[in-house]
Amino acid sequence: AARSRGAEVAYWDMSLKDAVGTPGHPADPATIPSVAERLAAAAVKVTGCATPILALNELYGARLGTPWSQSNAQYRANVLELVRALASRGTQPHLLISESGNTAGPAAAWWRSLAESATIVREVYISGPVLEGLGPSGATVYLRFQLRRAVRNFTTIGVPSNRIGLALGFHSGRGGQAGLSAASWFGVVKREALATRQVASELALDSVWSWGWARFAGMPKDPTKAAA
């Protein structure tokens with residue numbers, strides 16, 4: 001959990017799995033109201049904010065098309081019930097997804113219902129060496145294309161762009177720096193930041209998230225992170 005006083009934003013990051021289960025093993029739906037109450041209260045207490053942003057990390061099976069299995073249908077119902085319950089308690093749930101969402105057929109209605117109570121945050125983690133290999137101009141064009149496509153995944157089915165966010169990955173491994181030298185990595189970070197700022201402004205998105213700056217236990221020191 002963290003609070004950014006300058007931006008007047010507070011957020012609480014939690015594992016969605018702990019609250020709603022998985023597509024194969026969904027949680028008992030009867031537990032969702034109490035889980036939402038506990039999470040909302042904890043987020044307010046930890047952040048010191050009456051209306052904290054909650055990062056729900058992350059949805060499983062976004063690509064699964066309908067008809068869903070019975071267990072996945074219950075899982076999706078649990079997710080929807082959780083974000084509705086959290087929103088009713090004054091929090092601002094943001095649901096992270098790591099891949100394109102399947103919006104064909106009846107699934108589109110689920111995504112639209114989700115967006116009524118939560119912001120959909122699409123993770124777009126592109127490997128640093130891939131972007132470096134495209135060169136400055138090529139990487140910028142490619143980034144803008146991928147970011148816009150991630151947003152169109154949902155706007156084409158009627159989800160407002162202000163209910164969509166983007167998340168970028170700045171971790172050391174796959175999908176992040178992935179062995180790039182410090183100088184090359186700094187260039188990639190700059191191009192990602194500028195491209196995302198333009199797309200977010202152009203499409204009036206809800207938010208932009210960045211992930212991967214932290215050094216977790218057991219990881220080697222990476223002196224380029226703080227500088228980047």
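How are H3 and H4 oriented to each other? In this predicted model, where local features need pLDDT of at least 70, side-chain atom pairs count only at pLDDT 80 or more, and totals for chains, interfaces and linings use all residues, the two helices come out roughly parallel to each other. Residues are numbered from 1 along each chain as its sequence is written, and side-chain values use heavy atoms, with hydrogens and water left out.

The numbers behind that call are simple enough. Helix H3 covers residues 70–88 and helix H4 residues 107–117, and they pack at about 20° with their axes 8 Å apart. Helices here are DSSP runs of H or I with at least four residues, strands are E runs of at least two, and both are numbered from the N terminus. Axes are lines fitted to C-alpha atoms, for helices over the stretch in contact, and angles run from 0 to 180 degrees between N-to-C directions. Under 35 degrees counts as roughly parallel, over 145 as roughly antiparallel, 65 to 115 as roughly perpendicular, and the rest as oblique. H3 passes H4 in a left-handed crossing, that is, with the near helix turned anticlockwise from the far one by less than a right angle (clockwise would be right-handed).

Most residues other than glycine have a negative phi, and most peptide bonds are trans. The loop between S3 and H3 holds proline 67, which is joined to threonine 66 by a cis peptide bond with omega of about 5°. Glutamate 58 also sits in the loop between strand S3 (53–57) and H3, and a cis bond links it to asparagine 57, omega being about -5°.

Alanine 178, in the loop between strand S6 (164–169) and helix H6 (182–202), has a positive phi of about 50°. Its relative accessible area of 34% makes it partly exposed; buried means under 20%, exposed over 50%, and partly exposed in between, with a 1.4 Å probe and protein chains only. Alanine 204, in the loop between H6 and strand S7 (207–211), has a positive phi of about 55° and is partly exposed at 45%.

On the helix side, leucine 134 belongs to H5 (residues 128–155) and is partly exposed at 40% relative accessibility. Lysine 45, in H2 (residues 32–47), is exposed at 73%.
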